[in-house]
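Subject: A structure to look through

Dear colleague,

I am passing on a structure that I would like you to read alongside the notes below. Please keep it open while you go through them.

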Amino acid sequence: MGGVLGKNESPSSPKASVPETKLEAKITEAMLRRETEGSSIRSFDSLVLKFPKIDENLRKCKVIFQEFDEDSNGAIDPQELKHAFNKLEINFTDEEISDLFDACDINEDMGIEFSEFIVLLCLVYLLKDDPSALHAKSRMGLPNLEVTFETLVDAFVFLDKNKDGYVSRNEMVQAINETISGERSSGRIAMRRFEEMDWDKNGMVNFKEFLFAFTHWVGIEDNEDEEGEE
């Protein structure tokens, strides 16, 4: 699966269609393990109702982000990310940290911005059960965020109807049509939401792509831009 586009990328950019990396394969394997447990979300409507609380909790990461942004330039560089993992006692190898950095540095400017940092932490959370991660979840020191990250994982599991680790266009339509009221939503809404996730235009969305789209849906990037203008 390819990466998700950043602010300055277009669908035709090289990074939008790179092959699946070892890290992305691990993410898919972790998601497949999680999907065996099923999802507690019963409708897309109920997921949307969670957006404000998810937004509020994710913004609490800002203090953590600023702590690890040692030179206060608004982005975490590779060395700062290694320091962050050491402080959080997340036992990843240098190669794994580097792979995570590359996966989340979407606009390839050698800096992890706030929305990218949120995605990175959620990926670490998902990978917690990987034997090589040595129970990263329990060592992250972010217990209040674990519930939010689990909600994001749960949301992806809800969308992935056939539990293959990816969300297809048809699955997105099916999920959006599963409303509490029983009314069918516009197919255009489903298509628009899917296109917002499927940046590499290959018809399949992985968890990383979903996370970047989700930060946009709840307004993380919009507020980040506003803060930068102040």
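What percentage of the 230 residues in the chain do buried residues make up? The model you see is a predicted one, and in it buried residues make up 53% of the chain. The chain holds 13 helices and two strands, and if you look at its contacts with a separation of 6 or more, 65% of them are between residues 24 or more positions apart.

The pairing of α1 with α6 can be described in some detail. Two packed helices are described by the angle between their axes and by the distance between those axes. For α1 and α6 the angle is about 90 degrees, and the axes are 9 Å apart; the two helices are therefore roughly perpendicular to each other. On the α1 side the residues that take part are Lys22, Leu23 and Lys26, and in α6 they meet Glu95, Glu96, Asp99, Leu100 and Ala103.

Next come the cysteines, where the structure holds zero disulfides. Cys104 is in no disulfide, and the nearest cysteine sulfur, which belongs to Cys122, is 10.0 Å away. Cys104 counts as buried, with a relative accessibility of 0%. For Cys122, the closest cysteine sulfur is in Cys61 at 9.5 Å, which is too far for a bond, because a disulfide requires the two sulfur atoms to be within 2.5 Å. Cys122 is buried as well, its relative accessible area being 1%.

Most residues other than glycine have a negative phi. Ser72, however, has a positive phi, near 55 degrees, although this residue is not glycine. Ser72 is placed in the loop between α4 (61-68) and α5 (78-87), and with a relative accessible area of 62% Ser72 is exposed. Lys163 also has a positive phi near 55 degrees without being glycine; Lys163 lies in the loop between α9 (143-159) and β1 (167-168), and at 31% relative accessibility Lys163 counts as partly exposed.

In helix α4 you will find Ile64, which counts as buried at 14% relative accessibility. Ile64 and Phe114 are 50 residues apart along the chain, yet their C-alpha atoms are separated by 9.9 Å.

Finally, there is an annotation to set beside the model. According to UniProt, in an unreviewed entry, "domain: EF-hand" covers residues 56-91, 92-127, 147-182 and 185-220. In the span of residues 56-91, the end C-alpha atoms lie 28 Å apart, and the span is 61% helix and 0% strand. In the span of residues 92-127, the end C-alpha atoms lie 10 Å apart, and the span is 67% helix and 0% strand.

Notes:
Residues are numbered from 1 along each chain as its sequence is written. This is a predicted model: local features need pLDDT of at least 70, side-chain atom pairs count only at pLDDT 80 or more; totals for chains, interfaces and linings use all residues. Side-chain values use heavy atoms; hydrogens and water are left out. Buried means under 20% relative accessible area, exposed over 50%, partly exposed in between (1.4 Å probe, protein chains only). Helices (H or I, at least four residues) and strands (E, at least two) are DSSP runs, numbered from the N terminus. UniProt positions are given in the numbering used here, feature names are shortened, and annotations may be inferred rather than shown by experiment. Axes are lines fitted to C-alpha atoms, for helices over the stretch in contact, and angles run from 0 to 180 degrees between N-to-C directions. Angles under 35 degrees count as roughly parallel, over 145 as roughly antiparallel, 65 to 115 as roughly perpendicular and the rest as oblique. Contact means heavy atoms within 4.5 Å.
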